[in-house]
Amino acid sequence: MKPSDPNLRGIAQAVDDPASHGAFFNAFPSLVWIADAHGGCSFVNQAWEDYTGRATEAEVGTRWLESVHPEDRPELERVWAEALGLRRAFESEYRLRRADGLHGWIHHSAVPVHDEGGRLAGFLATCHDITTRRDAELDARAKERTVRLIADNVPALIAYYDGPTLECRLANNAYAKTWGFTVDSIIGKTVREVIGDVGYEAIAPYIQRVLRGETVVYERTLKAADGGERIIEATLLPQLDDAGGSIAATVLINDITKHRLAEQSVRESEDRLRKFADATDEGIIFAERGLLSDCNPAILRLTGYTYEEIIGKNIVDYMPPDVREMVLNNVSMGYERPYEAAILGKDGTRIPVELEGRVMPYKGKVYRMTAIRDIRDRKAAEARIQFLAHHDTLTGLPNRVLLMDRLEFILAAAQRRGNHVAILFIDLDNFKTVNDSLGHAAGDALLRVVAQRIEDALRGADVVSRLGGDEFLVVLPELTNEHDAVQVAEKLIAGVSEPVPLEGQSLSVSPSIGISLYPRDGATADTLIKNADAAMYLAKERGRSNYQFFNERLSEAAFHALTVETRLRDAIRREQFVLHYQPQVRVDTGAVTGIEALIRWPQEDGTTVLPNDFIPIAEQRGLIMPIGAWVLRQACRQNRLWQMSGLPKLPMAVNLSAIQFKQKNLVSVVEQVLAETGLEPQYLEFELTESMLLEDMTAIAKTLEGLKALGVQLAIDDFGTGHSSLMHLKRFPIDKLKIDRTFVQDVPGDPDDVAITAAIIDLARNMGITSIAEGVEKPEQLAFLRLRGCEEMQGYLVSEALPAEAMARWLARRRGEPLTSVG
């Protein structure tokens, strides 16, 4: 029930059924605890859960007492039992276990809540962390705390106002009574009518801010009924619509008079004035309400300003923007421990400093004195020591110590997520010749160029280290298969092999790269590096300037690759490949929306080689272009034959390799195939991997636009496994996002995969792109995709990939069912 529902009367109904008002209580910045009429905890809000790490279901009944410190629990149980028996309010201070396992002091204030008939609905409490106050009291005065009973109502003033009209839609008893209303008579009153013209003018700027969607916290002083003054803290929380506009606001008011008086008492009990020593090397400033009122000569020497130039100015004028909020927060909180920040010199120089402030009452005014220590030398020394301890002095790359630390972290993450990690051991060919002929200075210069080229070829998440000499190590995290490492290795070979102008000469070195994969080639960093090193030596043996994967039988692996290459060349010549076809359907209706063509390599013994077992070798040995051309032509020809036989006109999805995509005449090749086969362009779809979109964006955009101009559709395959950005999706004319099977296979059981899959679906929907999930094999996966609004899917739940004749029969059987045709 919304706060504006006329049936909602008072807070009792919320205490009776707190779960239905969860959003209301979760808006409280303080911890909210609710007990039912029998004394059992029935609800805690989000702030409580954030503080303790325990949600409502873990705290129900008496289980909330489990988090109370054992020394405090008996007294709390006694106080609570007494308050429950007498149906009266209670306040208690105790230690509560936080989410980090430590205990914090909590001020727990609860009051009984009755409905209009006088029936006890339960108890409503707010809890505040008072650890700082308790520590201050115990250390400074050990003075017994005083707790003010909040009489006859909830311990906070709460109201809910409509944004457009500023009319009250809901208020608790405390709020209504404060302004002379009842909970019924205040409904429909505007803010101005409730608090009066003077009060409204005072808070009008805050109202405008909350209507712009800001959360506003401010303090005001009010005249109390006894003629005294009370200080209140008001929090205005906006409620936003889907467009981000403010449609309403919740008002939460706490009486903080006691807190402010306690602060004042503590401040006034400290030294009234600290001696102002001009002789110190530390800068010292005094500020009142954020304005500089005095300073010593040391701060003038440090910044280059004159006394007249800074006095009367706001302290934030002399701080870099990135530290202003922190400093102002510390000032407003009266923080008195040293902390690091920065100030600006007169010439704009950023000066790292250590600040330590004290609050000083003096002649009825409150000043803040801050000592400012110049820590430039210390920071520079720390940074240099830290850098030298973890980086190679020649290239600036991480050294082995830092590499091992990062690699251990990457491997641990890969173990949790089930990802692959590649280790590339790089050794420069013929580097010794350069070093011996031109000297170590030239060799060092060459190593710096190579190090930069290696960094330029990698992603931000990748790690590169110089192990020593001419040896480098690259770590590639979050890979889906070894082909991802192949692409990086090829890029490194091309980049490093480029000539280097040095001392009037053009020098060339090439890398030999050994690759090991986690978890296939080892589970520890040392094992993976050792195996990558072994693979690197195999690359050296095979002619240098190449890469090799580690295998326990490296010679057998090399022989196998050579054998596969030979057989592939023969298969290409004889056209021994076949295509299987897997349907794509609507998630909501089951209607067929398209077909994906998948290559297979039948063997003489009746077995079939799948793409992952021969495509990487084909790419490595320069055979992918004729294979890709055959797949494109065969898929278009088959689709056209099906259409001519009377089957529905559906798009045929074909996977493009990175090498195919980079060919300059790709658009004209596609245009020629379409013309030869007679297939209309709208019935052809290309699936591209994310990695293809990360290189020369200008060339990529030109190719994609050329394909779109033909009329073909474009999809990103295995979306979520690469590193494309929203910029790519916005810039490129993409029609579909294909959610990788690795995310789909564990939904709805795996929370991480659920979050990723849902995010991709929402992203596609918001950008007007069709979402399609692959690898759907279980009904519960389909139910999840349908619930989240995924548009299309494919997988064994619909059909496995079938040969052409079987696929035609499958489509024919679906003739009587609703089909989606783009024709």
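A nonpolar core is a set of buried Ala, Val, Leu, Ile, Met, Phe, Trp, Tyr and Cys residues joined through side-chain atoms within 4.5 Å, where buried means under 20% relative accessible area, with a 1.4 Å probe and protein chains only. The model is predicted, so local features need pLDDT of at least 70 and side-chain atom pairs count only at pLDDT 80 or more, while totals for chains, interfaces and linings use all residues. Residues are numbered from 1 along each chain as its sequence is written, and side-chain values use heavy atoms, with hydrogens and water left out.

**Exercise 1.** Describe the largest nonpolar core and the surroundings of leucine 684.

Solution. Begin with the size: the largest nonpolar core holds 79 residues, and Leu684 is among those with the most contacts inside it, as are Phe577 and Val670. Next, ask which element gives the largest share; it is helix α21 (residues 624-644), with eight residues, a helix being a DSSP run of H or I with at least four residues and a strand a run of E with at least two, both numbered from the N terminus. Then turn to leucine 684, which, leaving aside neighbours within four places in sequence, is in contact (heavy atoms within 4.5 Å) with residues including Leu632, Val670 and Val712. A second, separate core has 38 residues, among them Ala451 and Ile493.

**Exercise 2.** Decide whether serine 657 is buried or exposed, and locate this residue.

Solution. Serine 657 lies in the loop between β26 (652-655) and α22 (658-662). Its relative accessibility is 10%, and therefore serine 657 counts as buried. Beyond its neighbours within four places in sequence, serine 657 touches Glu619, Ile624 and Met692.

**Exercise 3.** Work out the strand order of the five-stranded open sheet, and explain what sets β7 and β8 apart.

Solution. The order is β7-β6-β10-β9-β8, with antiparallel pairing; two strands pair if DSSP finds at least two bridges between them. Because β7 (168-171) and β8 (216-223) stand at the edges with a single partner strand each, one side of each has no neighbour in the sheet. The partner of β8 can be followed in detail: eight bridges join β8 to β9 (residues 229-240), and arginine 220 has isoleucine 232 as its bridge partner in β9.

**Exercise 4.** Describe how α16 and α17 pack.

Solution. Helices α16 (residues 440-456) and α17 (residues 482-496) pack at about 145°, with their axes 9 Å apart; axes are lines fitted to C-alpha atoms over the stretch in contact, and angles run from 0 to 180 degrees between N-to-C directions. Val450, Arg453 and Ile454 of α16 meet Leu492, Gly495 and Val496 of α17.

Definitions and conventions
Buried < 20%, exposed > 50% of the residue type's maximum accessible area, 1.4 Å probe, protein only.
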